[in-house]
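These are my notebook entries on one structure. I wished to record its salt bridges and its nonpolar cores.

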Amino acid sequence: MASDLPTNDYSERFEFGAAEFVSEPTVTSANERVFCDRSRGVYLYKGNCLEVMDAILARHPAGIFDTIFADPPYFLSNGGVTCQNGRMVAVDKGAWDKSQGPEVNHEFNRQWLGRCQKLLKPNGTIWVSGTMHAIYSVGFAMQQLGLKLLNDIAWEKPNPPPNLACRYFTHATETILWAAKNAKSRHHFNYAEMKLENEGKQMKSVWKFLPPGRDEKTFGKHPTQKPVALVERCIRAATLPGAFVFDPFSGSSTTGVAAIRQGRRFCGVEAETQFIELSVSRLKRALSAEEA
């Protein structure tokens with residue numbers, strides 16, 4: 001431990017061991033490494049994602065990640081309601097999901113996306129999921145930053161919660177934007193693998209996946225948890241085995257589980273203690289399953 005370091009000086013803690021990553025990260029209480037499997041290249045940090053990304057950039061200014069999957073706050077925890085297990089419940093995911101107004105929300109999206117763009121290797125790509133509450137800001141921020149939009153994926157949910165107000169269409173999709181680092185990027189796309197998965201036909205941009213099942217919630221659940229199969233497809237489509245995957249809003253570490261299952265490395269950041277504990281349990285189980 002390097003407890004004598006100032007809490008905002010993290011630059012020496014992100015040389016990630018083995019080959020490309022030279023030494024095991026050291027941490028402080030401010031941005032703490034809570035899980036590390038150096039042999040498999042799996043790292044999880046507890047802390048502010050902007051600060052952690054700045055620290056990684058200080059050590060790897062040319063970029064280090066092959067792809068990023070991000071599920072940022074949707075900013076919809078503002079007194080609304082939804083249906084869960086046949087009951088009306090409040091849409092209140094936590095302080096991290098409360099809107100600060102469209103201008104502040106958009107600036108936050110620009111801040112974290114700008115860092116992600118720098119952390120990508122020259123030909124790297126980023127996937128960002130979201131609902132209508134935030135995804136348009138994300139898309140506009142991508143354009144402002146010069147990322148190259150590749151696809152907008154519509155994730156169709158076969159059994160969405162009913163609309164209690166009966167004044168709107170039932171919300172049955174989320175959008176996932178896929179973008180390259182910049183216009184010069186020669187992004188990787190496993191076209192043949194995606195075509196094979198789609199019974200020999202070109203895969204379309206509408207994907208149908210069930211929400212996370214009971215097995216994915218063994219250790220608990222995150223309020224915006226994504227199905228592992230959905231994230232696995234994104235990772236397989238954009239990378240080769242051994243690639244390094246990053247998630248700045250790790251949540252329950254679905255991205256980490258998907259990366260491990262697909263033979264990729266993973267680095268995640270999460271700020272909430274309750275989800276850190278959930279993440280560590282899921283990462284350990286995923287690693288154990290791969291070793292079996």
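With which residue does Arg236 form a salt bridge? I looked this up in the model, which is a predicted one. The partner of Arg236 is Glu193, and their closest N and O atoms are 3.1 Å apart.

**Entry 1**

I then located both residues. Glu193, with 34%, is partly exposed.

**Entry 2: other salt bridges**

I noted that the structure holds 12 salt bridges. One of them joins Asp71 to Lys226, with the closest N and O atoms 2.8 Å apart. I found that this pair links distant parts of the chain, as the two residues are 155 residues apart. Asp71 sits in the loop between strand E3 (65–70) and strand E4 (81–84), whereas Lys226 sits in the loop between strand E9 (206–208) and helix H5 (228–238). Are Asp71 and Lys226 buried or exposed? I recorded both as buried.

I next turned to Glu156, which forms a salt bridge with Lys208; here the closest N and O atoms are 3.9 Å apart. Glu156 is in strand E7 (residues 148–156) and Lys208 in strand E9, so the pair ties together parts 52 residues apart in sequence. Glu156 is partly exposed, at 29% relative accessibility. Lys208 has a relative accessible area of 55% and is therefore exposed, since the limit is over 50%.

**Entry 3: the nonpolar cores**

I recalled a general point before this search: in soluble globular proteins, nonpolar side chains tend to be buried together. Which residues of the largest nonpolar core touch the most other members? I listed Phe65, Trp112, Ile126, Met142 and Phe246, out of 31 residues in this core. Helix H1 (residues 49–59) gives the most to the core, with six residues.

I then examined Ile126 by itself. Leaving aside neighbours within four places in sequence, I found Ile126 in contact with several residues, including Thr67, Ile68, Trp112, Leu113, Cys116, Met142 and Trp178. I also noted a second, separate core of 30 residues, among them Val228, Ile260, Ile276 and Leu287.

Notes: Residues numbered from 1 in each chain as written. Predicted model: local features only at pLDDT ≥ 70, side-chain atom pairs only at ≥ 80, totals over all residues. Heavy atoms only, no water. Core = buried A, V, L, I, M, F, W, Y, C linked by side-chain atoms within 4.5 Å. Buried < 20%, exposed > 50% of the residue type's maximum accessible area, 1.4 Å probe, protein only. Helix = DSSP H or I, 4+ residues; strand = E, 2+ residues; numbered from the N terminus. Contact = heavy atoms within 4.5 Å. Salt bridge = Lys/Arg side-chain N within 4 Å of Asp/Glu carboxyl O.
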